[in-house]
Amino acid sequence: MHGVLGIRETEEVQAVLFFCHSFLIGVTLMTFDTAARGIFFSRFGAEKLAWVYIISAIVVAAVGVIFSKLESRCSLPDLLGGCLVLVAITCCLSRIALEVSNSSYVIMSLLIAYEVMEVLTALAFWLLAGRIFDLRQGKRLFALISSGAVLANIVTGLSIPLLVSFFGGASNVLWFSAVAAGANIVVFKKIVSRYRHIVSPLSEAGVEKTIIHQPGIKDILGRPYTRMICAFVFLSYMTYCLVDFVLYDQIEHRYVDQDSIASFLGLFLALVNVILFIVQTFISGRLLTSFGVSFGLVLLPVTLLGIVVSLLLGSSMVGGVMVFILALGGKMAYRVLWASFEKPSTVVLYQPLRGGWRTGVQTHAESFVEPASAIASGLLLLVISRCFEWGTEGISVLLVVVLIGYFVYGLWLNTGYKDEVAKILSRRRFVGESLSLGDAETLNVLKKSLESVHTGEVVYALHLLERVGDKSCIPILVNLLEHQDAEVRIAVIDRLGKSNSSEASQALRTTLVSDNDSGVRGKALGALCCHSEYIDMGEIKGYCSNEYHRDIRIAAFTALLNNCGPEGKEVGHKMIPLLIHSHDVEERILAAQVLKNVAMTPQDDPLTLLLDDGNSRVCHEAIRAVGALGRIDQAPRLVNYLGNSAHRFTAAKALEKMGGEVLVELRRQYEQTVSPLIRRRIIRITGRIGNPAAISFLWERLNDTDDILRHSTLEALVQCGYRAEEQDKTRRVSVCIKQEVASAVWNLGARIDISEQAPDSILYESLVSRQRLILDRILLLLSFIYPAQRVLHARENLSGVKLDRRVYAIEAFDSFLEEKDKRIILPLVEAGNEQEQYKALQKYGSDSLLGFSGRILNILVSEHANPWLVSCAIFVGVKSKIHIPNSRLEEKRGHAEEMVRETVLWAQSQ
């Protein structure tokens, strides 16, 4: 079942239940349809079909209105169950009505009732299926589960002559329809009870039902994507009406009584459904999975176009028999291709719609758009048959025009579907509006905002006023120095420091003396020192005393060295060494924080002493100072700190701040070091620098043999926004993808072999983790040659825990990857066991299954195995009593990784 039908182990029960649900729907509709049409055509001609289309469309639309109103008032299980109960009641009432009266109105009402039943059962089946199956399952299984109706049509169609004979006429077959409808209600209840947590998660007692907005027809037509769906459904249903009319126009001339028409239709539809069952069960799911939604949307119009053109040629060249055969072929093609390809594809189109939109659009499409199409088709047929007296040939010409539009619109809708899936994965950005600041009214509003008690609002208003450069708000700024929030006072001080006025300086001096926050006072001193005429060097030197808070002292030392001329620098240079050589750690930290703001030459740079300080806090501040000053000469020392757990993050940030100038030194250090850890951190720093020189350096590292290092390189290139635009670079990316896939194949083979005896071992878990990393590297490589944002958004959602986001990510890959890349990616990302993945990808690698012991030995010599895998293989092999030749272990004793060497020593001791 799994291999032939594409059903996975976790899907067996739901697939069987839906198959039974579909089967009973098929029995109900097939028996009712053949009986109703036999009775109808024995009384009326094909021209009356136009009236049936129009009247049934109005009735179906009315049912749709009622259904949409009930959607917001009833739970989905109750609503769909009610539809099926109504179908059973309709079957019974139809037979009773025929018993009471054999009038023309009753007979015509049978076909109208059938159209309503078809809509109700379709809603019951597809809304439920769309809720329980996700998007990827839908593409694979929708055609299969709906083939239950096809099997029912085959069995029932072949049995129609017997049923007509057994029940004593076509009208009594309607009782059989009622029985099948009742059985279908039982199966529906079984599905709902088993999957209630999916169908109606808020239906438990005591839980208030969430009100979900159900879009109206205006909402649906106002949204481009849903409008496209509705237009496509309109053309599809119009095609159905025209094809139907052509067939029954031909049947009318060959059969006269209701039993013979019912028997012929039963046998013909049985043949159609034999073909349909084969296609749905064994072909359509595979083709839709391979070629996507676009294939399902255009296959039907293209095929019908060929048949209709042949019908037009056949009517003039061959004669009536050929026309009848082609009319049957058109009906057969529509039935098979619509049910096998277009319907599953159309249901998939609804999957990107969220909340109440999915149910709402599907309901309106089937209860409003299809009836509107039926009315339009009926009116067209009435005009053509009565005013122009066109026959089969005239209808066929009209059908050609409709089919061309149908095909073109299918291509357009596929593009819209891909865009909609992409939008789902990228809806996470907010773009603010720009603000015009030039008018007086806006300035007054901003000044008013400065009086707000909310810190963020005040700081933002200050920022905007600074952009304008308005000088009239100095008094307002001075008043804000009394604001209760220190963040606001600091923001004000930054702006007053740029205003060289006596009013601003006096306000800053007052703040320096009286503010109760040392950080604010330090900021005030630094701003005041920018106004050299309002403060002297002696006063600044006084604030360097250790009786003041660190923030004030930092501002004072910085002012001496930067703002007080040669005399101030001389005094500062004499005081700084005292701080550096102090036994007090806090004094040495103060020295580093001061030097971060002061540019010095390497010859007299006291930072060197602080970098070598034994106290980690002092060293930490010295590293930050080196980065802030952009001291390239100290880059080698910072690279050494990348291997130090206490300082690696600070050293990395410092190197990043140096920018592109440090890349030459980073390249030199990368080539000299043998530490994979330091190399990885150099790669990450390079990626954050991100200029062309950084990209060039990273590109050279693309084929590194270390898995983790190669992974870091790819992530760094993505961070640089790299695109492989040149043909030679695109080819190299493709080669890298093939190498990663070959590694994935080996990894899958190893997982299969190891799972034979040690599925819960550390080795198996490491192989699972490695597989995730291989997939991630492939996705990173794909982002270089495909639209990067689409790949990266899909990658992000694929790694998340939400199943629906993962499904949309997979569908995104299916929609924009080329076929050659789809064959690689989809087996790796779709749910499935390793045997299925290995079988799908084995042709891309040179691996073969080796068994448990053979794989343990293979890992020790394989180029795909990293040091961690080698260590795990040795450990698990020894624990599992696998004989590992001592020569193999001796080869690993000289391994570069200490972890491998220690594992070998442990193994030899065992």
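The model is predicted: local features need pLDDT of at least 70, side-chain atom pairs count only at pLDDT 80 or more, and totals for chains, interfaces and linings use all residues. Residues are numbered from 1 along each chain as its sequence is written, and side-chain values use heavy atoms, with hydrogens and water left out.

## Cavities

Rolling a probe the size of a water molecule over the atoms shows where empty space is left. Here a cavity is a set of points, on a 1 Å grid over the protein atoms alone, where a 1.4 Å probe fits but cannot get out; lining residues have an atom within 4 Å of a point. Grid points are joined across faces, edges and corners, and a volume is the space filled by probe spheres set on the points. The structure contains three cavities of 30 Å³ or more.

The largest cavity has a volume of about 1000 Å³. Its lining consists of 47 residues, and L29, Y114, E118, R335 and W338 lie nearest its centre. Several helices (DSSP runs of H or I, at least four residues, numbered from the N terminus) each supply at least two residues of this lining, among them α2 (12-43), α5 (104-132) and α14 (356-388). Helix α13 gives the most, with nine residues. By class, the lining of the largest cavity has 26 nonpolar, ten polar and eleven charged residues. In this count, Ala, Val, Leu, Ile, Met, Phe, Trp, Tyr, Cys and Pro are nonpolar, Asp, Glu, Lys and Arg are charged, and the others, Gly among them, are polar.

The second largest cavity holds about 70 Å³ of space. Among the residues that line it are V243, L304, G330, K331 and S396. Helices α10, α12 (293-317), α13 and α15 (392-426) each supply at least two residues of this lining, which divides into nine nonpolar, two polar and one charged.

## Helix α35 and the residue S766

S766 lies in helix α35, residues 762-785. With a relative accessible area of 7%, S766 is buried; buried means under 20%, exposed over 50%, and partly exposed in between, for a 1.4 Å probe and protein chains only. The side chain of S766 reaches the backbone oxygen of L763 at 2.6 Å. Leaving aside residues up to four places away in sequence, S766 touches W868, L869 and C872, where contact means heavy atoms within 4.5 Å.

## Salt bridges

A salt bridge is a side-chain nitrogen of Lys or Arg within 4 Å of a carboxyl oxygen of Asp or Glu. The structure holds 30 salt bridges, and the table lists examples.

| Pair | Closest N and O atoms |
|---|---|
| D494 and K523 | 3.9 Å |
| E539 and R509 | 2.7 Å |
| R770 and D707 | 3.1 Å |

D494 lies in helix α19 (residues 486-496) and K523 in helix α21 (residues 518-529), so this pair ties together parts that are 29 residues apart in sequence. D494 is partly exposed at 34% relative accessibility, and K523 is partly exposed at 38%.

R770 counts as buried at 4% relative accessibility, and D707 counts as buried at 8%. D707 and R770 also belong to a network of salt bridges that includes R710, E740 and R777.

Technical notes: On a 1 Å grid over the protein atoms alone, a cavity is a set of points where a 1.4 Å probe fits but cannot get out, and a pocket is an open set with protein on both sides within 12 Å along at least five of seven lines; lining residues have an atom within 4 Å of a point. A polar contact is a pair of N or O atoms within 3.5 Å; within protein, one must be able to donate a hydrogen and the other to accept it, and residues adjacent in sequence count only if both atoms are side-chain atoms.
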